[in-house]
Amino acid sequence: MPQTHVGSCLCGAVRYEVIGDFERFYLCHCQHCRKDTGSAHAANLFSSQATLKWRCGEERVRFFNLPSTRHGRAFCSTCGSALPSLQGDGTLLVVPAGSLDTALPNTPDAHLFMASRADWEDRIDGAPRLDAYPA
């Protein structure tokens, strides 16, 4: 039985459903993904079989493709949150893992482009882990 996942953007204006299994789960540390997310890496799920259905807000979805690269992203035009997109001439569904509202049983398959990771990334494991803002 294929998995069904639901997700949304930060402001809730866009909601979607993915029906099918994810084949790969990558954490990408390339310079494009770091700029794209403002973080150490992007966390994306990939499927060549799953189906994407927009539950609401499809008209707010915008796309950006970085010229002369294979890097692209979809995002909410209201809050800027990353959203799923079809890439590779519509043959590959890419879903930002952080946009899912349902639990994800998948474990990342690999860290990609480690040679171009942020220079500060090797120092984050020693940072304190808190459940909220520090007091």
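**View 1. Strands β1 and β2 run side by side in the antiparallel sense, joined over 5 bridges.** Strands here are DSSP runs of E at least two residues long, numbered from the N terminus, and two of them pair if DSSP finds at least two bridges between them. Look for G7: the residue standing opposite it in β2 is Y16. What you're looking at is a predicted model, where local features need pLDDT of at least 70, side-chain atom pairs count only at pLDDT 80 or more, and totals for chains, interfaces and linings use all residues. Residues are numbered from 1 along each chain as its sequence is written, and side-chain values use heavy atoms, with hydrogens and water left out.

**View 2. E17 is a residue of strand β2.** Is E17 buried or exposed? E17 counts as buried because its relative accessible area is 18%; buried means under 20%, exposed over 50%, and partly exposed in between, using a 1.4 Å probe and protein chains only. Leaving aside residues up to four places away in sequence, E17 touches T4, H5, V6, T51, L52, K53 and R55. A contact means heavy atoms within 4.5 Å.

**View 3. Here's the largest nonpolar core, with 18 residues.** Such a core is a set of buried Ala, Val, Leu, Ile, Met, Phe, Trp, Tyr and Cys residues joined through side-chain atoms within 4.5 Å. V18, L45, L83 and V95 have the most contacts inside it. At least two core residues come from each of β2 (15–19), β3 (24–28), β7 (72–76) and β10 (92–96). Now pick out L83: not counting residues up to four places away in sequence, its contacts include Y16, W54, F75 and P96.

**View 4. Two residues, D89 and F113, show positive phi values without being glycine.** Most residues other than glycine have a negative phi. D89, with phi near 60°, is found in the loop between β9 (85–87) and β10, and counts as exposed because its relative accessibility is 83%. F113 has a phi of about 55° and lies in the segment after β11 (110–112). F113 is exposed too, with a relative accessible area of 53%.

Technical notes. Helix = DSSP H or I, 4+ residues; strand = E, 2+ residues; numbered from the N terminus.
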